[in-house]
Structures are given as C-alpha cells and as structure tokens.
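Please read it alongside the sequence and the structure.

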Amino acid sequence: MAENEPMEYTTEHERILQEIESTDTACVGPTLRSIYDDQPNAHKRFMEKLDARIRNHDREIEKMCNFHHQGFVDAIKELLKVRADAEKLMVQVTDTNRRLQDAGRDVTAQTEEVIRCRVHQRNMATTVEKLQLCIPVLEMYSKLKEQLESKRHYAALKTMEQLEKVYIPRVSQYRFCQIMAENLPRLREDIKEISMSDLKDFLESIRKHSDKVGETAMRQAQQHRTFNSAVAKQANMEHYTKPVYSLNGRTPAHNSLMIDDGIGDDEDADEEVLTAQDLVDFSPVYRCLHIYTVLGDRETFESYYRKQRKKQARLVLQPQANMHETVEGYRRYFNQIVGFFVVEDHILHATQGLVTRAFTDELWNMALSKIIAVLRTHSSYCDDPDLVLELKNLIVIFADTLQGYGFLVSRLFDLLFEVRDQYNETLLKKWSLVFREIFDLDNYSPIPVETEEEYKQVVSRFPFHDAEIEKQGFPKKLPMSQSVPQIYSQVKEFIYASLKFSESLHRSSTEIDDMLRKSTNLLLTRTLSSCLQNLIKKPHIGLTELVQIIINTTHLEQACRYLEEFITNITNVSPETVHTTRLYGLSTFKDARHAAEGEIYTKLNQKIDEFIQLADYEWSMAESDGRASGYLMDLINFLRSTFQVFTHLPGKVAQTACMSACKHLSTSLMQMLLDTELKQISMGAIQQFNLDVIQCELFASSEPVPGFQGDTLQLAFIDLRQLLDLFMVWDWSTYLADYGQPSSKYLRVNPATALALLEKMKDTSKKNNIFSQFRKNDRDKQKLIETVVKQLRSLVNGMSS
C-alpha cells in the first residue's frame with residue numbers, strides 16, 4: 001500500500017506523526033483536525049500509517065526489553081535479598097520512631113509552652129513600647145489639665161502646641177489620641193474665652209483704679225514741682241530738666257532724691273514711690289495678649305482692646321453734673337483722666353504693638369477737645385475766685401503730669417488764658433462787693449488822726465504826702481475819708497490775687513506784667529468806676545458826701561503811679577518797656593469826679609427848687625413888706641454854708657457850682673414871674689420881688705466862692721435886674737427908644753418877657769381900680785400901659801417874622 005500511495009501523502013503523514021509525538025496531548029486537536037480536512041478516506045490511510053508506526057515502536061520496545069531482561073532479573077534477585085533486611089530495618093525504625101515519639105512528647109509540650117511565653121513576651125514588649133509612646137502624651141495632657149485648672153493659659157497653649165506637633169502624631173492611630181486632638185480646638189476656644197473674661201475684669205478694674213492711679217501721678221508731679229523749686233532756690237540749678245514721673249516705670253534718679261532729702265513737710269515725701277504695677281495688676285493684659293498671639297488672633301485682641309479703651313475714655317471724659325460746685329469734683333475728674341492715660345502709657349511701653357503712639361495720640365487729642373469743652377462749660381458756672389484759682393492749679397498739675405508722659409498740653413495752657421479771664425471776672429465781682437461795702441461803711445468825712453502812730457498807720461496803707469498837713473500838730477485831719485486807704489489796699493490785694501493765677505503758667509515776666517496791668521485796668525475802669533457811679537447816683541448821698549467823693553477820687557488818682565510802681569516791683573519789668581500797658585486809673589477817677597461834680601450841680605439845683613417851692617408871694621399886695629422873703633434868706637444861708645464846704649474842692653469846681661446855683665436861682669425866679677398860672681401881679685408884689693433879687697445880688701457880690709473876677713457872679717441875675725428896673729422905674733420910653741442898641745440900658749430884657757409881665761399888671765390895674773377911670777392920672781397910666789403893650793406886641797411880632 002505504501003508503494004501505491006502518492007509520495008506526497010506519505011510525507012504529510014510522517015510529518016503529522018512526528019508532530020503528534022513531539023507535541024503535548026492538549027494541542028493534538030488541530031493536528032488531527034487537519035487529517036479530516038484533507039481528501040476523503042485520508043484518515044483511513046492515516047490510521048494505517050499510525051498502526052504501522054505503533055508496530056514499529058513495539059518492535060523497538062521488545063528489542064530494548066530483550067536487551068535489558070537479564071539485568072532486570074538480576075535486579076529482582078537483589079531486591080528480594082534486600083527485602084528481608086528492609087523488613088528488619090522497618091521494625092527497627094518503627095521502634096525507634098516510637099521511642100522517639102515518646103521521648104519528644106514532653107519536649108513538644110515544653111516547646112509549645114516556650115512558644116506561648118515568647119509570644120506573651122513579644123506582646124508585652126510591644127505593649128511596653130506602645131505605652132512608652134503613649135505615656136508622654138498622657139502626661140502632657142495631664143499637664144495641660146493642671147495648667148488649665150491653675151489658669152496658666154499661656155503655658156497650656158504651649159503644651160497644646162507640643163501635643164499637636166510632637167506627641168499625638170506618634171500615636172495618632174489610637175482612638176484616645178483622636179479624642180484628644182478633637183478636644184484641643186475646644187480647649188483653645190475655652191482659653192480664649194477665659195482670657196477675654198480676665199481682660200474684661202481687668203478693664204473694669206482699671207476703671208475703678210484710674211482715680212487712684214491719677215491721684216498718685218498728680219501728687220508725684222506736684223511733689224516734683226515742689227522739689228524742683230526747692231532745689232532751684234537752694235542750689236540755683238537753672239539747668240534742671242523737666243519732670244518725668246515714676247508711674248510709667250521710668251523713674252529718673254532725681255525722683256529718689258525727693259524721698260531721701262526730705263525737702264518740704266509733706267508726709268508723702270517719705271513714702272515709697274509707687275509705680276503703675278503697684279496699683280494695677282497688668283498680668284491679665286499680658287496673658288491675654290500672649291494667648292491671642294499664640295493663637296494667631298492678635299489683631300482681633302488689639303482691635304477689641306482699643307475699642308473698649310475708647311469706650312472707657314468717653315466714659316471717663318463725662319463729667320458729673322455738679323462738678324463745678326467743689327474743687328473735689330474737678331480733682332476726681334482730672335484723676336480719672338490722668339489714671340487712664342498713665343495706664344495707656346504703661347501699656348504702650350510694656351507691650352509691643354498692643355497700642356501705638358498714634359493710637360494714644362488720637363485718644364489724647366479726642367480727650368483734650370472734650371476736656372477743654374467741659375472745662376469751658378463748667379468754669380463758666382463758677383463765681384468763686386478761690387475755686388477758679390484751685391481749678392487753675394489743678395489744670396497746671398494735670399498738664400505737667402501728662403506732659404511728663406509725652407502728651408502735648410499746649411492747648412491746656414491756652415485754655416488757662418480763658419480761665420484767667422473767668423478768674424478775673426469772678427475777682428471783679430468779688431471786689432465789686434468789697435468796694436460797695438467800703439463805700440457803704442464810709443462816713444465821708446476827713447480822717448481824724450490823734451497821734452503820730454495813727455498817722456503812720458494811715459500813711460503805710462496809702463501813699464499820702466502833704467507838707468502843710470505834716471507840719472500841723474496832732475490832732476489833725478487828713479483830707480480824704482476812710483474809704484481811700486481801704487480802696488487802695490484792696491486794689492493791691494486784687495493785684496496779688498491776680499498774680500496768683502499767673503504763677504506756674506510758664507510765662508515770661510513781661511507777659512505776667514501785661515496780664516496784671518490789664519486786669520488792674522479792668523478793676524479800675526469797670527468795677528471801681530461802676531461802684532463810684534452807683535455811689536454818686538444814690539439818693540442818700542448829699543452834697544457833703546459828693547464833695548468828699550471828689551476829694552477822695554483826686555487822691556486815688558494821684559496814687560495811680562504808686563500802683564504802677566507796685567506792679568513793677570512785683571514783676572521786675574521796667575515801665576519804660578515798649579509794650580508795657582499803662583494803668584487807666586486817671587481817666588476812671590476823672591470820670592467819677594466829673595460825675596460827682598455833675599451830681600453836685602444837680603442836687604444843688606434840686607435843693608434850690610425845694611426852697612423856691614416854699615415861696616408864698618401875695619401877688620396882689622399894694623406895697624411890699626420892706627424886707628426880703630423868709631424862704632429866700634433861708635436859701636441864701638444854705639448856699640453860704642454849702643459853699644463853705646466847697647473850699648476843699650478844686651477852685652473851678654466850686655466856682656462852677658456857685659455859678660450854676662446862681663443861674664438856676666435866677667432862672668427859677670424868672671419862671672416864677674412868668675408862670676402862666678399867675679394871671680395878675682401888682683406893683684407891690686414887684687417891689688417885694690425886687691427886694692428878694694437884691695438879696696441874691698448881695699449874696700453874689702459877697703464872693704461866696706473865691707476866684708471870681710469883678711461882678712462875674714452878679715451877672716447871673718442881670719436879666720432879672722434889668723427887667724425889675726424897667727418896671728420899677730417905669731422907663732418904657734427909654735426901653736422902646738434904645739431897643740436893639742448894644743448900649744441899651746435894658747439890653748437883657750426880652751420884649752416877650754416884658755409883654756407877659758405887663759399884661760399881668762394891666763389886668764390887675766383893671767380889677768383893683770374900677771373907679772380909677774374917673775381919675776385923670778389913672779386914666780393916663782392905663783392908656784400908657786395899653787400903648788406900651790401895643791408897641792411890645794409889634795416888637796414881638798417883628799421878632800417872630
């Protein structure tokens with residue numbers, strides 16, 4: 001068959017058989033499938049080829065077995081021989097194994113125990129190792145709890161930081177550590193709340209202690225000023241520096257000298273110098289600041305602190321409603337403000353950036369504006385100069401204290417100039433009452449001096465020098481009254497009181513001199529002048545008192561130069577200085593004297609009017625009494641006595657008063673004749689009136705006041721004299737002929753005046769001489785009167801036209 005088959009099939013079947021022999025049985029499938037894919041009946045030929053191959057292999061195996069058969073037989077024989085030995089060995093091995101198992105059973109038990117112990121030991125070692133990692137965490141957490149309980153919050157925050165960054169990360173896989181880590185933020189918030197609560201307590205505390213802090217600071221400032229003054233006087237230390245006070249914790253060396261030297265009698269000088277830390281516990285602020293800094297929330301803390309301090313500043317700056325009533329009210333107000341800024345200054349220097357200089361300056365500027373407004377308002381209510389002076393001293397100490405801490409206080413010293421004006425106003429009111437009391441108690445009579453001691457006592461109080469009076473023996477009288485030395489002394493007291501306000505204002509002598517002179521001018525030109533004017537206008541002040549007032553003002557005017565010397569001696573400023581203010585006392589006393597002179601003229605005229613009102617003429621009398629009227633003689637006697645008192649007055653004043661009185665008397669008499677209510681007047685009444693005018697002329701010619709030239713005083717009655725002469729002589733022809741001529745005998749007689757009086761006489765002639773028309777002389781006289789009346793009317797009409 002093989003020979004009949006084509007060569008190609010034979011080769012292909014060989015290839016497939018080799019592939020089957022050499023390939024794993026799992027991969028035979030594709031090979032076998034290729035057989036069935038060939039031509040039909042191909043698999044039969046392949047099976048035949050396969051059988052042939054199997055037979056071929058069987059022959060080879062048989063050949064091999066035949067070749068090795070003897071060896072196999074020999075091996076079987078040898079194996080049979082070994083079989084007996086193997087069974088014996090098996091017995092021995094089994095026995096040995098049994099004995100070994102029996103012997104190893106205890107070892108196995110012990111080994112298992114050792115293994116368990118070693119497992120326990122390893123577990124313990126692991127546990128110890130883990131505990132060694134956990135124990136520091138637990139210790140730190142316990143330490144944290146203790147720190148929180150003892151309120152060591154800053155240390156607690158540091159412990160928390162170590163726990164978070166160092167300890168907890170080592171054992172973070174444990175649950176208790178996770179719980180700890182979760183609790184730490186809450187603890188931080190608790191610390192923030194506690195520290196903030198402590199800060200609030202601190203802020204409340206410093207509100208309560210500000211008064212004490214400020215009081216201590218101001219007391220030390222005052223002691224330091226006293227110390228400076230004492231040292232300057234004792235050692236002439238002109239180079240002594242400005243004070244820096246100890247409450248800020250920066251006490252200079254010379255502050256301790258204040259205590260050691262014991263200058264002054266103040267008991268406080270022996271006390272230990274207190275600092276801000278002695279009076280206020282600042283630890284809450286430090287702790288809170290550190291805590292918020294560690295927590296990274298410093299800005300929040302700074303903002304809260306500054307906001308709260310601003311609120312407290314506004315509260316501190318609110319004064320009590322009745323603060324102006326007592327100096328203690330002002331002192332408490334200043335103490336609180338000083339205490340506030342002393343604390344802020346300490347915070348500024350003890351902490352880094354919690355408050356800044358800009359913040360404190362802003363607070364101070366706000367406070368300064370409020371303080372100035374408050375002081376302006378409340379000082380305006382004060383009417384006690386002593387209280388205003390104490391307020392000024394408090395303001396000076398207040399300003400010096402805060403200036404020692406670096407705050408600008410120039411506006412406070414500017415305010416003191418306004419307070420000075422208020423002080424001067426209160427002084428002026430007080431001295432107004434003093435002057436009024438002096439004037440009310442004065443007797444307005446010359447000062448009697450019985451002995452030389454009394455004279456020296458008066459002269460020591462008032463600069464009086466008069467050579468003639470000094471030559472006189474005792475007892476004698478000084479021309480001024482008791483009020484003059486009292487007024488002079490009180491003006492000097494006013495200058496002293498005004499000077500007290502100028503102390504410690506850091507002003508030059510020239511400025512102080514100017515202030516003293518201006519305030520003294522106000523006292524003289526306003527207060528004293530007003531008191532004098534009111535005194536002069538008082539109804540109970542008579543002519544004698546007015547004369548004495550004129551004399552007093554004359555002496556006070558002369559004493560003004562001594563007041564200027566007094567101020568110069570106080571301030572050591574030469575009066576020749578360009579800007580030196582002069583005292584205006586001269587004009588004050590001149591005005592008062594002129595007012596008194598005018599009041600003398602007025603009262604003198606009023607007295608004359610009172611006498612004139614007593615006149616009781618019988619205007620229809622036929623003939624005169626032959627003597628002057630009683631009221632007129634009384635009036636002349638009064639004028640004589642009054643003008644005798646005027647001898648102490650300056651000549652012109654007495655002459656003016658005398659001339660004014662005579663003119664007023666002449667005018668009053670003329671008005672009496674021309675009174676419209678007086679309808680009729682007889683020739684007898686004219687004669688009686690003429691007698692009274694003659695007495696007036698005699699009085700004028702008697703020179704009641706020396707100094708008049710010729711008949712100057714008599715000219716006051718010239719109008720009356722010419723009018724009466726005209727009617728007495730009945731010289732109408734001359735009057736009418738010479739009317740309007742400068743040389744006329746009746747030049748001073750006005751036609752209207754003559755007409756009015758003549759008509760009154762005409763009516764009387766008609767009434768009293770009903771039957772006179774039957775007498776020729778009377779008829780002629782009546783015709784003459786009517787003719788004169790017509791002519792006078794024509795003159796009057798001519799004047800009016």
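A salt bridge is counted where a side-chain nitrogen of Lys or Arg lies within 4 Å of a carboxyl oxygen of Asp or Glu. The model is predicted, and local features therefore need pLDDT of at least 70, side-chain atom pairs count only at pLDDT 80 or more, and totals for chains, interfaces and linings use all residues. Residues are numbered from 1 along each chain as its sequence is written, and side-chain values use heavy atoms, with hydrogens and water left out.

**Overall architecture**

The secondary structure comprises 27 helices and two strands; these elements are DSSP runs numbered from the N terminus, with helices being H or I of at least four residues and strands E of at least two. Of the 801 residues in the protein, 41% are buried. Here buried means under 20% relative accessible area, exposed over 50%, and partly exposed in between, with a 1.4 Å probe and protein chains only. The accessible surface of the protein is about 44600 Å², and carbon and sulfur atoms account for 52% of this surface; such areas come from the Shrake-Rupley method with a 1.4 Å probe, and for residues only the protein chains shown count as cover. Contact means heavy atoms within 4.5 Å. Among contacts between residues at least 6 apart in sequence, 78% join residues at least 24 apart.

**Salt bridges**

The salt-bridge rule gives a count of 29. Three of these pairs are set out below.

| Pair | N to O distance | Relative accessible area |
|---|---|---|
| R186 and D190 | 3.4 Å | R186 43%, D190 28% |
| R309 and E344 | 2.5 Å | R309 1%, E344 0% |
| R331 and E328 | 2.6 Å | R331 29%, E328 39% |

R186 and D190 are four residues apart in helix 5 (residues 175-235), and are therefore separated by about one helical turn. R331 and E328 are likewise about one helical turn apart, because they are three residues apart in helix 10. Both R331 and E328 are partly exposed. R309 forms its salt bridge with E344; because R309 lies in helix 9 (residues 298-316) and E344 in helix 10, this pair ties together parts that are 35 residues apart in sequence. R309 is buried, and E344 is buried too. Elsewhere, a network of salt bridges links D95, R98, R99, D102 and R105.

**Aromatic pairs and charges over rings**

Rings of Phe, Tyr and Trp (its six-membered ring) pair if their centres lie within 6.5 Å; planes under 30 degrees apart count as stacked, over 60 as edge-to-face and the rest as tilted. The count by this rule is 29 aromatic pairs. The pair of F341 and W364 is edge-to-face, because the ring centres are 5.3 Å apart and the planes stand at 90°. F341 lies in helix 10 (residues 327-350) and W364 in helix 11 (residues 357-381), so the pair ties together parts that are 23 residues apart in sequence. F341 is buried at 2% relative accessible area, and W364 is buried at 1%. W730 and W732 also form an edge-to-face pair, at 5.8 Å centre to centre with 90° between the planes; both of these residues are buried.

F341 and W364 belong to a cluster linked by ring pairs, together with Y333, F334, F340, F398 and F407. R357 lies over the face of F407, 5.9 Å from the ring centre. In this arrangement NZ of Lys or CZ of Arg is within 6 Å of the ring centre and within 35 degrees of the ring normal.

**Loop features**

A cis peptide bond, with omega of about -5°, joins F474 and P475. P475 is placed in the loop between helix 15 (467-471) and strand 2 (476-478). Y444 has a positive phi, near 50°, although it is a residue other than glycine. Y444 lies in the loop between helix 13 (410-441) and strand 1 (447-449) and is buried, with a relative accessible area of 8%. E703, not a glycine either, has a positive phi of about 55°. The loop holding E703 runs between helix 23 (683-701) and helix 24 (718-729), and E703 is partly exposed at 42% relative accessible area.
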